[in-house]
Amino acid sequence: MKFSSAFKKEFMFFTRTMRMFGVILSIMIFSVADPVMLKGMGALMNTMVDTIEEQSEATGYEIFSEEDKAVFEIFDQIDASTAAAMAVGDFTSTAVIIVLLILMAPSGSEQKKRSIIIPRCAGLTPKMYVTPKFILYPVTAFLSGFLGMFICAGVSSILFEGSFEFTSILLSAVSVGLYIAFVIVLQLTIGICSERPGVAVISVLAATAIIPTMLSYFRVDKFNPFALPSIASEAFVAEIDPVNVGVSLIVTVILTLILYFTTLFVLTARQIDNSGNEAIL
Amino acid sequence: MVQIKGLKKSYKNFKVLDGLDMSIGKGDVYGFLGKNGCGKSTTMNIICDIIPKDEGEIILGENGEQIKIGYLPETPALFGYMNGYEYLEYIAACAGYKGDVKKRIYEVLEVTGMVEGGRRRINGYSRGMNQRMGIAATIFNNPDLIILDEPTSALDPQGRAEVMAIINNLTNTGATILLCTHILSDVERVANRIGILKNGKMAVEDNIIDIKSRFIHNSIEIGLKSPDEKTITLLQNADFITNFRFFPQSGLAVLDVENADEGMLKAMSILAENGISPTKLQATSPTLEQIYIQTVSDGGMEGGRF
């Protein structure tokens, strides 16, 4: 089977069911909305503080102490770097949840609905079924996350004071993009192997919550894909460990490949041959 | 084309197939019958390597050559986001079709009456169109064995007629077809062989003509021109009959007898003695439906007396 046909089928599904639009849009929304919300929150807090101060003057009663005011004025201290760093959290949590839900269908739904039976009987192989999925969806997620971080940095630099180094933005964008791509690959692996897209989403969400906590507990919070959100965030506000960055990126790529080959292995191992003769199906 | 020996399959503790033997020859149109849940779809899925067997031997092809199988599951799920042409292009790619793909797409769409429908997205198809597109995909690569699982289920009469016409055309091409359906008139129309599955085993398997001749005829139909009470009473009280039914609207009397030949002679004798000229007098052979019901019902006989 030609790879182009297999890829075309997956691309048609991704675009015609508006899922590509959904993935890109959900990531881009956060790239713009996060810094805007942060700015808006700051303005809201300032307004609240001013209002309360006026009331204090009018009543002669000090409602806020200086320490209380400092808490509300923290939003005034947010600069562009901090805003972008805070946005990484939303990218790698809320946006990822939305993308996982959008990509439930290619993660085992076709097997569950048995729409793959006729193509299988015609000759579809596990490689041609799985490979386009492991290219199209993670690459789209990576590019969306990558561009999204650039947009987020741009919006942050417009709304807040301060500037970035290009390397910081680049490192953050690569980390965020790669992290989202890895999570998608994890979803595809679990979904296709289990033929249960819902199970895949829940498993991945649980994994992204539990694994970093466990790794942190055992002080192994570096050199793994779940360190990428921290790297992306710290790239704006702190010095980062280049070894951690390099190794985490490489380990993520290697794990992605392992997940791909694991999926292929599972599907191939599951192939059934009931006949004594070798039948072409 | 297909030889199955001692096929067994259980789902947890439920034994679905318990030593099934089955034989489909090249060019056969094999009607595969049985109650709901008796294992027909399981057998088809095992032949197509969709689920594993527990025990038994399956030999596909003659002389060990490889065969191509086209399988249409019940209510086929297609890719709704594609149109028919695109779907068949994808199937062609899956099959590694070497010939002129566009030409072959047009051929199968023509056979299935989907030339115009093929331009529409599949998620807008009616059930009948979906079924026809499924058949188009199934036969695309000229399979040696075509397996159709309930191809007319959930279709309206027109849809059913269209699909059966397609299957009829396929049978004329000499294709080997394994057809699973509950609609026995469809089986009688297209199949030359049937197998009736019961209790996980093949209860009856043979050519339809041979099966019918094996099931003993024991009904005589008498058409009465002007049926009166005297004639009806005469026939009803005849000592050689086991059961009597009369259909006033058609004037048809049906006499169940022990032996059709003997019954015919006695019936003719009674009619002649009383000066009755029937419009019809014949021994009837059992319908496939009667054979099927007799075979699958509890306590039913298998392959013998009916």
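Predicted model: local features only at pLDDT ≥ 70, side-chain atom pairs only at ≥ 80, totals over all residues.

Strand 7 of chain B

Guide: From strand 7 of chain B, B:Thr176, B:Leu178 and B:Cys180 point one way, while B:Ile177 and B:Leu179 point the other way; all are buried. In a regular strand, side chains alternate between the two faces of the sheet. Strand 7 of chain B, residues 176–180, is mostly covered, with five of its five residues buried.

Strand 7 of chain B has parallel partners. Strand 3 of chain B (residues 29–34) runs parallel to strand 7 and is joined to it by four bridges; here B:Gly31 stands opposite B:Leu179. Strand 6 of chain B (residues 145–149) also runs parallel to strand 7, through five bridges, and B:Ile146 has B:Ile177 as its bridge partner. Between strand 6 and strand 7 of chain B the chain passes through helix 5 (residues 157–172), and this β-α-β crossover is right-handed.

Chain B also has an open sheet of four strands with antiparallel pairing, in the order 11-12-10-13. Its edge strands are strand 11 (241–247) and strand 13 (278–284) of chain B, each of which pairs on one side only. From one strand to the next, the twist averages 15 degrees. Six bridges link strand 10 (residues 219–224) and strand 13 of chain B in the antiparallel sense, and B:Glu221 stands opposite B:Gln282 in strand 13. Helix 8 of chain B (residues 229–236) packs on this sheet, touching strands 10, 11 and 12, and its direction makes about 155 degrees with that of strand 11. Helix 9 of chain B (residues 260–273) packs on the sheet as well, touching strands 10, 12 and 13, at about 165 degrees to the direction of strand 13.

Methods:
Residues numbered from 1 in each chain as written. Chains lettered and ligands numbered in written order. Heavy atoms only, no water. Buried < 20%, exposed > 50% of the residue type's maximum accessible area, 1.4 Å probe, protein only. Helix = DSSP H or I, 4+ residues; strand = E, 2+ residues; numbered from the N terminus. Pairing = 2+ DSSP bridges. Right-handed = clockwise from strand over helix to strand, strands pointing away. Axes fitted to C-alpha atoms, helices over the stretch in contact; angles between N-to-C directions. Contact = heavy atoms within 4.5 Å.
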